Amino acid sequence: QLAMNDYNQAISIAPNAWEFYEDRGALWLALAKHERALQDFDQVILLKPDYAIAHVNRGIAYRKLNRPNEALTALTKAISIDSTQKSAYEHRAFIYEDRSDWRAMFDDAVKLIEVAPYYRMGYEFRGHAYLEVGQHQAAVADFTKAISIDPTAIYGYRMRGRAYYFLNQFDNAMADFEAALRIDATDSSTISYINDLKRRRR
């Protein structure tokens, strides 16, 4: 609340200083006040139209508000200004994932890997795309890379387990599902996959 008061006061003193709107918008975003965040990012763009990060943040706010078309427009604008914006590719890939648009998700995953090769999300998105189109060995390779970058993230184990399942490598699949449950013993997707695997092995 103190930080918010400081930003409000700063904006009242310098209403054309885009940096204060950017910082306040980021705070609203962190507080899950997405409509208010969007208003601030709109103001940043009004004052500084070619500031790519504001377009990224606007896209994130739209996505959180379940307005994917507007989110895609904002994120694509950010990329047109600065093609190295990691978060733009990431959040656009999330939208394509929600839409089961595996080709578009794959393309953004490739770009994300290019701009951030040591960030696990690019490999997870690409691995998921490979999994959905039946390229299971390629999926295993990408999820293995994601796990090597961040071995504490459950998604890589869960999804690599699925890839092993489709490759009929059931021992490897079970090992990955068990690793996922060591991270989160309540993960319903992993529990469902384990039950499915146990039925398959009977």
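**Figure 1. Aromatic pairs in the predicted model.** In this predicted model, the count of aromatic pairs comes to 7. One of them joins Phe106 and Tyr130, whose ring centres lie 5.4 Å apart and whose planes stand at 70 degrees, so the pair is edge-to-face. Because Phe106 belongs to helix α7 (residues 102–115) and Tyr130 to helix α8 (residues 120–132), the pair ties together parts that are 24 residues apart in sequence. Tyr130 has a relative accessible area of 17%, and is therefore buried, the cut-off being under 20%.

**Figure 2. The edge-to-face pair of Phe143 and Tyr155**. The two rings are 6.2 Å apart, centre to centre, with 70 degrees between their planes. Phe143 lies in helix α9 (residues 136–149) and Tyr155 in helix α10 (residues 154–166), so that the pair links distant parts of the chain, 12 residues apart. Phe143 is buried, with a relative accessible area of 0%.

**Figure 3. An aromatic cluster.** Tyr165, Phe166 and Phe170 together form one aromatic cluster.

**Figure 4. Packing of helix α4 against helix α5**. Helix α4 (residues 52–64) and helix α5 (residues 68–81) pack with their axes 8 Å apart and at an angle of about 165 degrees, and the two helices are therefore roughly antiparallel to each other. Their crossing is left-handed. On the α4 side the contact is made by Ala52, His55, Val56, Arg58, Gly59, Ile60, Tyr62 and Arg63, which meet Glu70, Ala71, Ala74, Leu75, Lys77, Ala78 and Ile81 in α5. The residues of this contact comprise 9 nonpolar, 2 polar and 4 charged.

Technical notes
Residues numbered from 1 in each chain as written. Predicted model: local features only at pLDDT ≥ 70, side-chain atom pairs only at ≥ 80, totals over all residues. Heavy atoms only, no water. Axes fitted to C-alpha atoms, helices over the stretch in contact; angles between N-to-C directions. Helix = DSSP H or I, 4+ residues; strand = E, 2+ residues; numbered from the N terminus. Parallel < 35°, antiparallel > 145°, perpendicular 65-115°, else oblique. Left-handed = near helix turned anticlockwise from the far one by under 90°. Contact = heavy atoms within 4.5 Å. Nonpolar A, V, L, I, M, F, W, Y, C, P; charged D, E, K, R; others polar. Phe/Tyr/Trp six-rings, centres within 6.5 Å; stacked < 30°, edge-to-face > 60°. Buried < 20%, exposed > 50% of the residue type's maximum accessible area, 1.4 Å probe, protein only.
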